[in-house]
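Let's take a walk through this structure together, one element at a time. Have your viewer ready, and we will begin with a helix.

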Amino acid sequence: MELIRVDGRGRSCPEPVLLTKKALKNNPATVEVIVDNATARDNVRRLAGNSGYEVQISEANDGFIMILKSR
Amino acid sequence: MPFKNKEARLMLMVGAMVAMLAAVLVELGNPANMGLCIVCFLRDTSGALGLHRAGVVQYIRPEIIGISLGAFIMAFSRREFRSRGGSAPFTRFILGIFVVIGALVFLGCPLRMVLRLANGDLNALLGLVGFVAGIFSGVFFLNRGFTLKRTYASVNLEGYLFPALQLVFLVLLVVSPAFIFFSAEGPGSMKAPLIIALVAGVLVGAGAQRSRLCMSGGIRDAILFKDPHLLYGFMGIFAVSLLANLILGNFTLGFTGQPVAHNDGLWNFLGMMLTGFGAVLLGGCPLRQLILGAEGNMDSVITIMGMYVGTAISHNFGLAASGAGVPLNGKVAVMIGFAVVLTIGVLNSEYISIFKVKGDANLGTHSS
C-alpha cells in the first residue's frame, strides 16, 4: 500500500488538521504529515492522539515531518 | 482528565492570567469591562494617529504594543519566529476590515465579549450566540474546502517590521508629539498607567503565543474536531474574570446600564456573527492575528492593517455603535459585510463550484 502523505505547509489554522483528519478517515496504518510551524505540529499531534494514533516527529529543514502510526 | 494534561493546564492558566490582568487594568484606569479589548484598542490607536477623528476614542494603547512585543520575544526565544506570507493578502485585509466593523457594532472583540459576559452584561450573551453562529458559518465553508492557499517563506527583514512598527508607536506614545491625538474625555481618556499597561500586554502576548490562545479557535475546534482544548482558555478567562468582578463588586446582571454597551439585541447578535464568520475564514480572532503577526506571519500583519483601517472606516463613516445604540450606517455596513464575507467564502471553497464547468474545464481541450 502506498504511504498517505499530507502536506500542511503554509496553510492557516485549522487546515493542516482538517487535511490530516481527512487522511485518517479510512483508518490507514500510517500517515505522513508535513507541517511548517509549531502550532500546526501541536494541533496535528493532538488530533492524532485523540484518533488513536502514535506520533513520531522529526525536525526537517523548515518544519516538521510527522509519522502517524495506528495504535 | 483535561487538567492533568500539561497543554490544557497551560491554556487554563494563560486564560486566568489574561482575566486577572484585565481586572487589574480596569482597577487602574481602563474603561469598565475593557481591561483588554483588541479591536477597541486598535481603534483608539488609529484615532491617536488621526486616521479617524472620534475625539473620545484616541489613545495609543500600550497593551497592543506590549502584546505584539511579548509574543515576538516569546516566539523568537522558542525559535518559532519565521517570516512568511503570501496567502491571499488583500482578501485578508478586507476580512480584517469587516471583522472590526462587526465588532464595533457589538462594541468589543471576542475577548471583550467574554469579559463583558463575566461582568453580567447579558447583551454579550446575544453577542456570544451570534459569535457561535458566525463560527458555524465559517466551519460550513471549511468543511467545503475553504482555503486562502498557502504562505511561503519571505525575506527575514519582513517579519521584524511589525514589532518595529509597534516600537515606533511606543516612541510616539512616550514622546507624544503634537500631531498625535489623545482623548481628553470618554473611554480614550481612561487608561491604566503606561508602564503597567505595557507590561500587562507583554505578559498577555507571551502567554498567548506560548499557549496559542484563540477565542474563535476554541468554538471552531469544538465544532470541527470535538476538541475542547482551545476552549479551556475561554473558560479560564470567563471563570477568573467572573470571580474578580464578584470580589471587586463590579458584577451587575442585566441588559441595561452596562458600561460601553448598547442593548439592541439583534445587532449585538449580527455584529458578533460577522466577526466570528470572518475570524474563522482568517484562521483566528483579532488577538490571535496579533500573535501570529508578531511571529512573522505577514498575512496576519496585513489583516491587522485591515483592522486598523476598519476601525477608522467605522468611525469616519459613522458605523460604530455607542451606548445610544447602532446607527443605520452601521447596520448597512454589517449587511454589506455579510455579503462580502459570504462571497469570499463561496469563491475560495474548493468543493463549491459556481464558475467551473462540470468535469472541469481543461484549457488544453478547447478547439478554436
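Predicted model: local features only at pLDDT ≥ 70, side-chain atom pairs only at ≥ 80, totals over all residues.

Where does α7(B) kink? The kink, of about 30°, is at Phe162(B), shortly before the proline Pro163(B). Both of these residues are also among the buried ones of α7(B), together with Gly159(B), Gln166(B), Phe169(B) and Leu173(B). What covers them? The cover for the buried residues includes α2 (38–48), α3 (62–77) and α8 (194–211) of chain B, as well as α12 (286–294) and α13 (298–316) of that chain. Just past the end of α7(B), look for Ser176(B), which takes a positive phi of about 40°.

Next, turn to chain A. Its secondary structure consists of two helices and four strands, arranged from the N terminus as β-α-β-α-β-β. The radius of gyration of chain A is 11 Å, close to the 11 Å that the globule rule gives for 71 residues, so the chain is as compact as a globular protein of that length. Along the principal axes, the C-alpha trace of chain A spans about 25 × 20 × 20 Å.

How is chain A packed inside? Buried residues account for 44% of its 71 residues. If you take the contacts in chain A between residues at least 6 apart in sequence, 58% of them join residues at least 24 apart.

Methods
Residues numbered from 1 in each chain as written. Chains lettered and ligands numbered in written order. Rg over C-alpha atoms; globule rule 2.2 N^0.38 Å. Buried ≥ 20, exposed ≤ 12 C-beta atoms within 10 Å, placed from the backbone. Contact = placed C-beta atoms within 7 Å. Bend = angle between axes of the 7 residues up to and from the residue.
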